Each structure stands twice: as structure tokens, then as C-alpha cells.
Amino acid sequence: MNTPANLKYSKSHEWVKMTGENTAEIGLTDFAQDSMGDIVFVELPEVGDAVTAGESFGNLESVKAVSDVFSPVTGVVTEINEELLDNPALINESCYDAWMIRVGEITETENLLTGDEYDASCQEEA
Amino acid sequence: MEKKTPLYDQHVALGGKIVPFAGYLLPVEYPTGVIAEHNAVREGCGLFDVSHMAELLFEGPGALASLNHIITNDLTGMAVGRVRYSAMCNENGGVVDDLIVYRVAENAYLAVVNAANHEKDAAHMRANLLPDTVMTDLSEQTAQVALQGPKAKEVLASLIPAELAPKKYYTFTPGKVNVGGVDCLISRTGYTGSFGYELYCAAEDGVKLWNLLLEAGKEYGLIPCGLGARDTLRLEAGMPLYGHEMTDDISPLEAGLEWAVKMDKPEFIGKQALLDKGTPARKRIGLKAIGRGIIREHQEVMKGDVQIGMTTSGTFCPYLKQSCAMALVENGSVELGDHVDVIVRGRKVEAEVTEYMFYKA
């Protein structure tokens, strides 16, 4: 399992890359993409939508199942990764490059985990 | 406690993601993933462990009459070496299960039924046997693998003399065929919509047969495939699955299986109920999503503001690269080419009504 140390993680399997004081990129972790299998559909919010820490902002579908993705931060969507809409498999191929949304005006952040803490939390789940 | 098929250790060694299914621990996919496994079967070939399927042998001078009483299709005149698909009904005309039947000898028929219905089917069939019929459950002592895909022919041809391979769809080579030292029943059947074979052997020979096929298939791009691909392949080919397109209260006529229901047979369980019901109230249709979204099972199908039915299966079909579904709707409510809406988690997804055989080989 690949868990880069420079990112933060939520227990619900999203990674967060802080790109500024109150801006971040959010994506899906390697553990999550591997357990979902081939991802074939991505539903993302629209630019300008508000996201709330701990609440769903979209969903991902593999061949077999649908999973919600949760925002680890409260803020406003400034950009979505449109490439994923046409090519959801990018998340399987390179999940830490395949960010899903960029969020600005962040007012609140969940208690995020370090890479090591996240790995430990996945071990418990598995 | 789930059972293991004779190939369980192979699945684990190959990195299969093991899940419980119909009382067995089986791989849902291998590290290759569902999409690659699905497309291998469409373009090359794949190997499935289907040892969970249940095999019931019917022998004796009454075997033909017993089966013709129990199932909806007609086995009269079926030669040794032939296979027939059928449904079997309860007294209300609902489907107990679907199955395939091999005529293996003059007075012997092998029925293969779904693992999920194994106990129910065995009890139903045993309770309805006519005289002079002995039913034997061979499931525990049988391993079954499915070699599926356009390259399956070459893979099998590399292991047995060409004349021993069954040629026509729904036939098998009478007797046993020696595949690298393993005695097999080999039929030109499958549940994928692609060319292929199914091979049955003794449970203790399962590993040997599996490894022989994997090895022989290497140069043809054969990969092991899991339950995930088995489901997407059958759906893409419009093949019904028990518990979805057919249930205890869906008739085989509603499920679109009228070709396997011989109403001109003097009698079979459920015939009277089917006659009493008359024109089927519901009909199985295919749906292809036009809007963005993946249609899944148990979602409402709407024509305008009126609900006309529910989806029974749905997924993203990896070869067609499209969201396809099957649904059971009020008979006469839609025509091919009509547009309907499916309620996908609270959101309307537009879909076109199509034939349900989305993929044809």
C-alpha cells in the first residue's frame, strides 16, 4: 500500500494536500482504490458548491458498487478534475495525481491522520 | 460457515479477492481486475472456477418422465450428447430455478443448477420425482471450470485431439474426454455470451485440470477470472440470473424464457398456473443509459411520472463501455427505442429501451 508521507488522510479514505493556508486538493487513497477495484464512474460537485467536513461531496462507482466520497474539510469547491469524468480509471492508475476537487476558503478541517496513522487505521479495518 | 471449492488454494495463491457467494468462498476478481478479466473473455480467453454450481444426476427408466414433469422445457427426443436450457416452476408458475440438462446416457440426465438454490432445488426435484427415477447429488464430488472466450478453442485443441472437442453450441462429447490425464465431461456451454466450454471432473482432479488449462492458455492470453466478470459478462450478454430476472414470483414467460417453456407438453409443474395467468403481466426489457450514471438493480423505471417497473440487474458493461441494465416492466408499457427514466439514488437517469442481448458474439 502506497501512503505518501507528505499528505494528510481521513479515516474515510480521502487524502488531503494542503496547497495554501486555506486551500487544498482532495483525492482517494491507494487503499481505497485497490479495495474498490476498477472505477468506472465519478460524480463530482460543481465549482462554487460548498463542502462540509465529514459529509459526502460526490461518489465513485466501480463495476460492482457505489461509494460516497467525503470531504475532510469545510470550504468551497474552486475546481473539479474534469479529466476524471471521462477517464475514471486514472484514480486506479495514479490515485495521488488524480485529485478530485480543489477546495478554497477552508474554515474547518477534520482531525486528519498522518500517513503512518492512516496505515494503522487501514490495518484495523482489514 | 462457507465451503471452499477444490480450487480455493489456487485462488488465494493467484491473489484472488475472496468473498462469500452462495455458501462458498470464491474470488470476485484477481489482481487483473474485473474489466481486464471481462475483456479477456470477449477478446482472448478466461478461466473460471464454477465448482460451486450443483450437479444432480437422474437415472432410471423414469428419468425422462420425471424431468419433463419438473422442468418447463421438453427433453423428449434429445439425443445423448446434447444439452438443453430450462426453467423449473413452482405450482404458482413462479421460477424455482433455471438449469441446464445433459443427456449423458440412454436413461441418465445430468442437471446443473445454481449454487444459491442447491438445497431448495434438490428438495423440490426429489419431492417431485416420478417412479423408476433415482436422483443422486454429485455436487460435492465434482469440480467444474469454464473456459470462455474466442481463444478457448485453441487452448482446448492444444490439450485434446480436435475430434474430441464438442463443436456445436449446447452439445458435449459423449463419455469422458481425457484432458492431460483428467477425465472430463466437456460441453460447448457457458454463461458469458462468448464462445467457450465448460469442463466437469472429479473434485480431486480439479487442481490438476485448472493448472493444465492455465498453463496451456498462457500463449493465448488466458487469465483466471472471478465472479465479478462472470456477472458483468452474463449481463452484457442479456443472460438472466436467478434472484434477479427470475424469482419465485416471476414467471418464466415474464422473464422472456418462453422459448424454454413448452406449453404444448401435456403437463409440467406450473403449467396450469401459467395458462390461468394468460398474457404475462410483466416483461423483461433491456435498458441502456443515455444520461450520465450507472443503472443498478432494484431501481424504479419511470415513464413520465408513472412507475412501470423495476430494474433487476444493472452495471457498467466493460466491453461495450456502457451502463446497461435489465428491468421487469408492465407488459405493453414501452416499445423498443422508447426513452424512460431510471431513479438512480434519487436522480433521474434517462435510458433507452433495447433488446436485452446487449452483446452478441
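User: How many helices and strands are there in chain A?

Analyst: This is a predicted model. Along the sequence, chain A reads β-β-β-α-β-β-β-β-β-α-α-β-α. The count for chain A is four helices and nine strands.

User: Why is chain A said to be as compact as a globular protein of its length?

Analyst: The C-alpha trace of chain A spans about 35 × 35 × 20 Å along its principal axes. For 126 residues the globule rule gives 14 Å. Chain A comes close to that, so it is as compact as a globular protein of that length, with a radius of gyration of 13 Å.

User: What percentage of the residues of chain A count as buried?

Analyst: Buried here needs 20 or more other C-beta atoms within 10 Å of a residue's own. Chain A has 126 residues. The share of them that count as buried is 43%.

User: Among contacts in chain A between residues at least 6 apart in sequence, what percentage join residues at least 24 apart?

Analyst: A contact means C-beta atoms within 7 Å. Take the contacts in chain A between residues at least 6 apart. The part joining residues at least 24 apart is 65%.

User: How many charged residues are on the side of chain A that touches chain B?

Analyst: The contact takes ten residues from chain B and seven from chain A. On the chain A side, three are nonpolar and one is polar. The charged ones number three.

User: In chain B, which are the edge strands of the five-strand open sheet?

Analyst: The strand order in chain B is S6-S7-S8-S5-S9, with antiparallel pairing. From one strand to the next, the twist averages 30 degrees. An edge strand pairs on one side only; in chain B these are S6 (83-89) and S9.

User: Which residue in S9(B) stands opposite B:Leu56?

Analyst: S5(B) (residues 54-59) pairs antiparallel with S8(B) (residues 108-113) over six bridges. There, B:Leu56 stands opposite B:Ala111. S5(B) also runs antiparallel to S9(B) (residues 134-137), joined by four bridges. On that strand, the residue opposite B:Leu56 is B:Asp137.

User: And what is the bridge partner of B:Phe58 in S9(B)?

Analyst: Strands of a sheet pair through backbone hydrogen bonds. S9(B) joins S5(B) through four bridges. In S9(B), the partner of B:Phe58 is B:Met135.

User: At about what angle to S7(B) does helix H4 of chain B run?

Analyst: Helix H3 (residues 63-70) of chain B lies across S5, S6, S7 and S8 of that chain, at about 130 degrees to S5(B). Helix H4 (residues 118-127) of chain B lies across S5, S7, S8 and S9 of chain B. Its angle to S7(B) is about 70 degrees.

Note on methods: Residues are numbered from 1 along each chain as its sequence is written. Chains are lettered from A and ligands numbered from 1 in the order in which they are written. This is a predicted model: local features need pLDDT of at least 70, side-chain atom pairs count only at pLDDT 80 or more; totals for chains, interfaces and linings use all residues. Helices (H or I, at least four residues) and strands (E, at least two) are DSSP runs, numbered from the N terminus. The radius of gyration is taken over C-alpha atoms; the globule rule is 2.2 Å times the number of residues to the power 0.38. A residue is buried if 20 or more other C-beta atoms lie within 10 Å of its own, exposed if 12 or fewer, and partly exposed in between; C-beta atoms are placed from the backbone. Two residues are in contact if their C-beta atoms, placed from the backbone, lie within 7 Å. Ala, Val, Leu, Ile, Met, Phe, Trp, Tyr, Cys and Pro count as nonpolar, Asp, Glu, Lys and Arg as charged, and the others, Gly among them, as polar. Two strands pair if DSSP finds at least two bridges between them. Axes are lines fitted to C-alpha atoms, for helices over the stretch in contact, and angles run from 0 to 180 degrees between N-to-C directions.
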